[in-house]
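Morning, everyone. I have one structure to walk through, so let me put it on the screen.

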Amino acid sequence: MRKMKIIGIAGSPRKGNTEVMVRAALEGAKEAGAKTEIILIRELKLEMCDGCLQCDEMGKCHFDDGMNEINERLAGVDGFIIGTPARWSLLSGNLKVFLDRTNPLAVPERLKGKEAGIIAVGQSPEDEEEQSIKKAVDSVKNYCSNAGIDVIGMVLGFNAINEGDIEKNVKTLEDCKKQGKKLVEHLKGKTCGG
Ligand SMILES: Cc1cc2nc3c(=O)[nH]c(=O)nc-3n(C[C@H](O)[C@H](O)[C@H](O)COP(=O)(O)O)c2cc1C
């Protein structure tokens with residue numbers, strides 16, 4: 001059987017908790033036999049989508065800032081781990097800019113049928129009434145639904161405010177690892193089932 005390919009996307013502007021969780025999930029995916037890579041949005045210098053929608057006809061973006069190459073990488077994998085810090089109960093601004101720039105993949109439906117695990121982290125405790133971290137996941141789920149990406153599950157990281165706080169939460173990192181494994185097993189099952 002061919003190796004599954006998974007890309008992790010870490011949507012924080014800092015080297016923080018999101019990245020730790022995404023890396024843990026990729027470790028699980030690797031253990032399950034996948035080829036993995038990570039995109040750190042904090043390292044990219046992306047223009048914001050200007051809404052011209054030329055990409056609907058051209059299949060690529062007129063900005064020459066590396067996103068066309070990244071989109072080809074995204075189109076070439078089987079699944080994603082998408083990680084975001086909770087920001088006002090939403091996905092981060094960085095991740096939103098990145099996801100908007102995947103629009104050249106929309107009309108040809110190049111993301112359709114791929115699968116994703118979603119990760120979100122925040123400072124709130126698990127029993128927070130408003131559930132802002134879960135709401136942040138929901139905002140990423142909306143993107144996946146529009147793009148035709150099937151979401152196989154989510155992991156929420158609580159009580160993490162400073163960089164590295166999440167490393168104290170062994171159970172959460174274990175859950176991320178399990179999510180990565182589950183994603184790969186799911187994709188393998190799909191391939192076997194036709
Ligand atoms: C502008 C802003 C908004 C935030 N909104 C939330 C929120 O809605 N819920 C929450 O639990 N934490 C919230 N936080 C806290 C971050 O999610 C938290 O610090 C998290 O660990 C950041 O992840 P990172 O280390 O990957 O950047 C917010 C932080 C900032 C700066």
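Start with the buried residues of H1: Asn17, Thr18, Glu19, Val20, Met21, Val22, Ala24, Ala25, Leu26, Gly28 and Ala29. Two words on terms. Buried means 20 or more other C-beta atoms within 10 Å of the residue's own, exposed means 12 or fewer, and partly exposed is in between, with C-beta atoms placed from the backbone. Helices (H or I, at least four residues) and strands (E, at least two) are DSSP runs, numbered from the N terminus.

Now the ground rules. This is a predicted model: local features need pLDDT of at least 70, side-chain atom pairs count only at pLDDT 80 or more, and totals for chains, interfaces and linings use all residues. Residue numbers run from 1 along each chain as its sequence is written.

Back to H1. Because 11 of its 15 residues are buried, H1 is largely enclosed by the rest of the structure. What do the buried residues of H1 pack against? They meet S1, strand S2 (35–40), S3, S4, S5 and H6. Contact here means C-beta atoms, placed from the backbone, within 7 Å.

For the 15 residues of H1 that gives 21 Å, and its end C-alpha atoms are 21 Å apart, which agrees. Just after H1, Gly33 takes a positive phi of about 105°.

Neighbours within four places in sequence aside, Met21 is in contact with Gly83, Ile119, Val121, Val155, Gly157, Ile166, Leu173 and Cys176.

That leads to the core. A nonpolar core is a set of buried Ala, Val, Leu, Ile, Met, Phe, Trp, Tyr and Cys residues joined through C-beta atoms within 7 Å. The largest one has 47 residues. Those with the most contacts inside it are Ile6, Met21, Ala25, Ile81, Ile119 and Ala120. At least two residues of this core come from each of strand S1 (5–10), helix H1 (17–31), S3, H4, S4, H5, S5 and helix H6 (170–192). Which element supplies the largest share of this core? H1 does, with seven residues. As background, nonpolar side chains tend to be buried together in soluble globular proteins.

Next, H5, residues 132–147. With 16 residues, H5 should span 22 Å; its end C-alpha atoms are 23 Å apart, which agrees. Buried in H5 are Ile133, Ala136, Val137, Ser139, Val140 and Tyr143. Seen down the axis of H5, these fall within an arc of 150°, so they line one face of the helix. The arc is that of the directions from the helix axis to the C-beta atoms. The face turned away from that buried side carries the exposed residues Asn142, Ser145 and Asn146. The cover over the buried residues of H5 includes strand S3 (79–85), helix H4 (93–100), strand S4 (115–121) and strand S5 (150–157). Just after H5, Gly148 has a positive phi of about 80°.

Buried, exposed or partly exposed? With 17 other C-beta atoms within 10 Å, Ser132 is partly exposed. Beyond neighbours within four places in sequence, Ser132 is in contact with Ala86, Ser89, Gly122 and Ser124.

Ser89 itself lies in the loop between S3 and H4. Its phi is near 65°, a positive value in a residue other than glycine. Ser89 counts as partly exposed, with 17 C-beta neighbours inside 10 Å. Trp88 is found in the loop between S3 and H4. Trp88 also has a positive phi, about 55°, although it is not a glycine. Trp88 is exposed, with 10 other C-beta atoms within 10 Å. For context, most residues other than glycine have a negative phi.

On to the ligand. Of the 19 residues around the ligand, Gly16, Thr18, Pro85, Gly122 and Ser124 come nearest. To be counted, a residue needs its C-beta atom, placed from the backbone, within 6 Å. H1 and H5 each supply at least two residues of this shell. By class, the shell has seven nonpolar, nine polar and three charged residues. Nonpolar covers Ala, Val, Leu, Ile, Met, Phe, Trp, Tyr, Cys and Pro; charged covers Asp, Glu, Lys and Arg; the others, Gly among them, are polar.

Last, helix H3, residues 67–75. Met67, Asn71 and Leu74 are buried in H3. They cover an arc of only 60° around the axis, which puts them on the same side of H3. The buried residues of H3 pack against S1. Exposed Glu69 and Arg73 sit on the face of H3 turned away from its buried side.

That's the tour.

Technical notes: Expected span 1.5 Å × (residues − 1). Contact = placed C-beta atoms within 7 Å.
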